[in-house]
Amino acid sequence: MLQITQFNILYQNDSPEYRRKKLAGRLRLDPSDIRELRIVKKSLDARKKPEIYITYTFHFRAEHEDIVLQKNRREKNLSRVKEVPSLMSRISRREPGGTPDRPVIVGAGPAGLFCAYYLGLCGFAPVLIERGAPVEERTLDVERFWQDGILDEESNVSFGEGGAGTFSDGKLNTGVKDRDGRKQLVLETFVRFGAREDILYDAKPHIGTDILRTVIVNMRKELIRLGCEIRFHTKMKDIITEDGVVRGIVTERRIAPNKVTEERLACGQLVLAIGHSARDTFAMLERRSVHMTRKAFAVGMRVQHRQEDIDLARYGAVDDRLPVSSYKAAGKAGDGRGVYTFCMCPGGYVVNASSERGGLAVNGMSDADRDSGNANSAVVVTVQPEDFEGSGVLAGVEFQRKWETAAYELCQGKIPVQRFGDFREKRKTLAAGKVIPCVKGTWEYAELHKILPKFVINGMIEGMEQFGRSIPGFDHEDTLLMGVETRTSSPVRIERDKEYVSVSVKGLYPCGEGAGYAGGIMSAAMDGLRTAMKLEERIASRTGGHHARNTQG
């Protein structure tokens, strides 16, 4: 099989037939000589707008491939494909009866789900506990909150099956290095359970919250088939240790709205995939002397534009044949702090993502079609541990809570909204301009400069003006701001060693976004896989590594 990279096609001309014809012409072949033409990577190049190109990497077969290579030896982007075994093909399954006590995984977000999936494929049949509800029930809880303001603190945009990513854009791009095939396994797993195949090759893949929910339900069914036990509405309340080693956990299971039952669950391997909003769990871990450190994160607000204005700025034209455009921008405020856009959602919504009563936090979300008509992203400013009040390890949590409380009180729980021009001049917004709010949850106009630190306000204004120079209209006075965005990443890191084990408690495996080792669906899922691989290696080394080749497929 052969590969060609950096293959550009003007977007107006793109079609399967044209790709084959153009590739044949470039390689001096007949189109019929090219077989199994497959897209491996696809991206848009708008640097010469309004001329926009699609850049492809193709894998294909051809008659007499050695001759094709020889005849096109000056074609530097043409080469033979180096076949690399997939991670799935390298997974081994334990023989019956060889499994020790079942690993317990806390949290059913991307990290926890993929950790459970890998361990299930290996035959370990882990127990997966999740404080929130399964997707079907959780979706109803979230919609009720958006409509009526009734918050379930255990089943919301942050807590429940699938984690916070379930109610997001479902972006799957990541900068994490992938030497062992984890990224490909995650993408292939999503496709297997219902995602579109284009995520396998799109340079900026996304699923969309509507499809992601179906994927998660199908993944749950497979986990159960693999022998995993999943317990919803079950919160880890405490860790049981003996001589610095995990021996079990105490759980609290909600069996009715105001009724819970407590249970002790023995385990020797405990994976913490708790998510960045599990503040009560952080507090418990601190009491149990699990070593954590404070870490920097970023806070700011969501900005919202008309999608057609972003498309015009990015493409130089608005064309239905092009995908809705995205952007990523970064700069530096006058005081030296970083300011950047985060979690950009083309054709999406700003959503009320609160998880605590008396506090308000927002996030971005979009469906697979990204057709809301508005684009949004967070514009955030870096916050360092020295900005926190107090020196405790959870001071960052209290910093977040302070501004979430201020946002809640500003509009009695509704999302506060303000035009950027009014925000910059510190005046009230009386009505929308050309951008109409596109929001999940109740909202009202308010003075947003009252609910974040002065250095964040100033950094946001400076950043938006900088971004407006590269993305025309970004800092238009009618751009909408909505706040606050405080949960860009975990405010703590649960320290682990090179084997992914806690530096203070043996048998404890911190992983994913809440532990401070990931920053989105993809990186969290990959960290969950790597944690499972480390755990599998450790168990195998203790039990003699008795494995049989996995035939799960």
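Predicted model: local features only at pLDDT ≥ 70, side-chain atom pairs only at ≥ 80, totals over all residues.
**The sheets**

Helices (H or I, at least four residues) and strands (E, at least two) are DSSP runs, numbered from the N terminus, and two strands pair if DSSP finds at least two bridges between them. Five strands make up an open sheet with parallel pairing, in the order 8-7-6-12-25. Strand 8 (229-231) and strand 25 (508-510) are its edge strands, each of which pairs on one side only, and the twist from one strand to the next averages 15°. Strand 12 (residues 270-272) and strand 25 run parallel and are joined by three bridges.

Another open sheet has four strands in the order 2-3-1-4, and here the pairing is antiparallel. Because strand 2 (34-48) and strand 4 (78-80) stand at the edges with a single partner strand each, one side of each is left without a neighbour in the sheet. Neighbouring strands of this sheet are turned by 25° against each other on average, direction ignored. Strand 1 (residues 2-10) pairs with strand 3 (residues 51-62) in the antiparallel sense over seven bridges, and the bridge partner of Ile9 in strand 3 is Ile54. Across strand 1, strand 2, strand 3 and strand 4 lies helix 1 (residues 16-27), running at about 115° to strand 1; axes are lines fitted to C-alpha atoms, for helices over the stretch in contact (heavy atoms within 4.5 Å), and angles run from 0 to 180 degrees between N-to-C directions.

**Aromatic pairs**

Rings of Phe, Tyr and Trp (its six-membered ring) pair if their centres lie within 6.5 Å, with planes under 30 degrees apart counted as stacked, over 60 as edge-to-face and the rest as tilted.

| Pair | Centre to centre | Angle between planes |
|---|---|---|
| Tyr117 and Phe193 | 6.1 Å | 75° |
| Tyr327 and Phe474 | 5.3 Å | 85° |

Tyr117 lies in helix 4 (residues 110-121) and Phe193 in the loop between helix 6 (182-192) and helix 7 (209-225), so this pair ties together parts that are 76 residues apart in sequence. Both Tyr117 and Phe193 are buried, meaning under 20% relative accessible area, where exposed is over 50% and partly exposed in between (1.4 Å probe, protein chains only). Tyr117 and Phe193 also belong to one aromatic cluster with Phe114 and Phe190.

The pair of Tyr327 and Phe474 likewise links distant parts of the chain, 147 residues apart, and both Tyr327 and Phe474 are buried.

**Helix packing**

Helix 4 packs with helix 7 at an angle of about 35°, and their axes are 10 Å apart. Leu113, Phe114, Ala116 and Tyr117 in helix 4 meet Ile216, Met219, Glu222 and Leu223 in helix 7.

Key:
Residues numbered from 1 in each chain as written. Heavy atoms only, no water.
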